[in-house]
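I opened this notebook page to record what I looked up in one model.

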Amino acid sequence: MNNAILFGNGFNLLTDGCPSWHDLLIGISDKDNAPLLEGIPPTLQYEQVYLSPSTTFSDLSHKNEETKLKEAVKRRLVKLPTNSFYDSLKSLDVNIFLTTNYDHAFYNNNGAVIQDYDSTEKIYSIRRWKSICNDGKNICLYFIHGDIKKSASIMLGLDHYGGALAKVQDYVKGNYQRTKKMNGENYLYKQVPSIRDRLKEDIEISPLEYGFKDSGTGLISWIDAFFFTNLHVIGITLDFSEIDIWWLLSRRARLLKSKLITNKIYYYPTFPISEIHFHLPKLRLLERLGVQIVHHKLTEDIETGKIDYPSIYNIQINNLNNNL
């Protein structure tokens, strides 16, 4: 069974000067309005920024207003450099990568040859991926929450997350349809079978057969990685606002009860041991959903009060490699 890696913004935060999502939202908010509400998910903090009465955006239409917000995000992330931890990820014996990041830090500044396969998706990212050649190795990278190259695809607010979740649900349940234009009108091209049917009936399908570009991985969408690969999740906090990821984990857990699932999902926490009590409910829930937790054992922060994130990431990348 193939392996796939899902990574998040934790890898970017290992680069000096990279803004956290909170800093990013502060940066694009109108300073004349009330500060961001604390204790609410980032998706709703974004809605606060977008919906607040604004002197900055008041002369724009609603559509252009949100475009300007997303362009502001793009400007802050477009030149984000790569770092050695991404190099460590790419050196692993894995060719399928998924990311919740919008930026290109995974492959920036390293001479990789990139080919885009996302030209037909404007807002959502069910099949958005890039082919990357890195030191002779071919990598398939799925941008599951949008790509800064396509500003409209950047998922920030609850409205966008909700629409994306509907697309994910359609794909999993067998209601996702590809259409083609013919004589100026759309017509149904192919409808991808449900995940349950593909598992139950052992259906082998080609991306090309369903009107998708062939990634060379056998996957039609990044969603397939949750059911048809051993998925390794690292560098992402799995905040409960990531409703698409949590829905997929829950759906997979239901299929586990029917004995249809044979893949494994691993989660590699990268928070310090001193903060584990904040994360225990989430870790226990993940275990109940059939996810294997792989803990690191670096305890220096308990004694010194200093958090060594680079060491934590190196340990967890090594643990990931051991599970391939």
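My entries follow by topic.

I worked from a predicted model, in which local features need pLDDT of at least 70, side-chain atom pairs count only at pLDDT 80 or more, and totals for chains, interfaces and linings use all residues. Residues are numbered from 1 along each chain as its sequence is written, and side-chain values use heavy atoms, with hydrogens and water left out.

**Cysteines.** I searched the whole structure for disulfides (a pair of cysteine sulfur atoms within 2.5 Å) and found 0. I then looked up accessibility, where buried means under 20% relative accessible area, exposed over 50% and partly exposed in between (1.4 Å probe, protein chains only). Cys18 is buried at 12%, whereas Cys133 is partly exposed at 30%.

**Sheet.** I took helices (H or I, at least four residues) and strands (E, at least two) as DSSP runs, numbered from the N terminus; two strands pair if DSSP finds at least two bridges between them. I found an open, mixed sheet of 8 strands, ordered E3-E4-E5-E2-E1-E8-E9-E10. Strands E1 (residues 3-7) and E8 (residues 230-234) are parallel, with 5 bridges, and Ile5 stands opposite His232 in E8.

**Gln316.** I located Gln316 in helix H11 (residues 309-322). Gln316 is buried, at 0% relative accessibility. Leaving out residues up to four places away in sequence, I noted its contacts (heavy atoms within 4.5 Å), among them Ile234, Tyr268 and His295.
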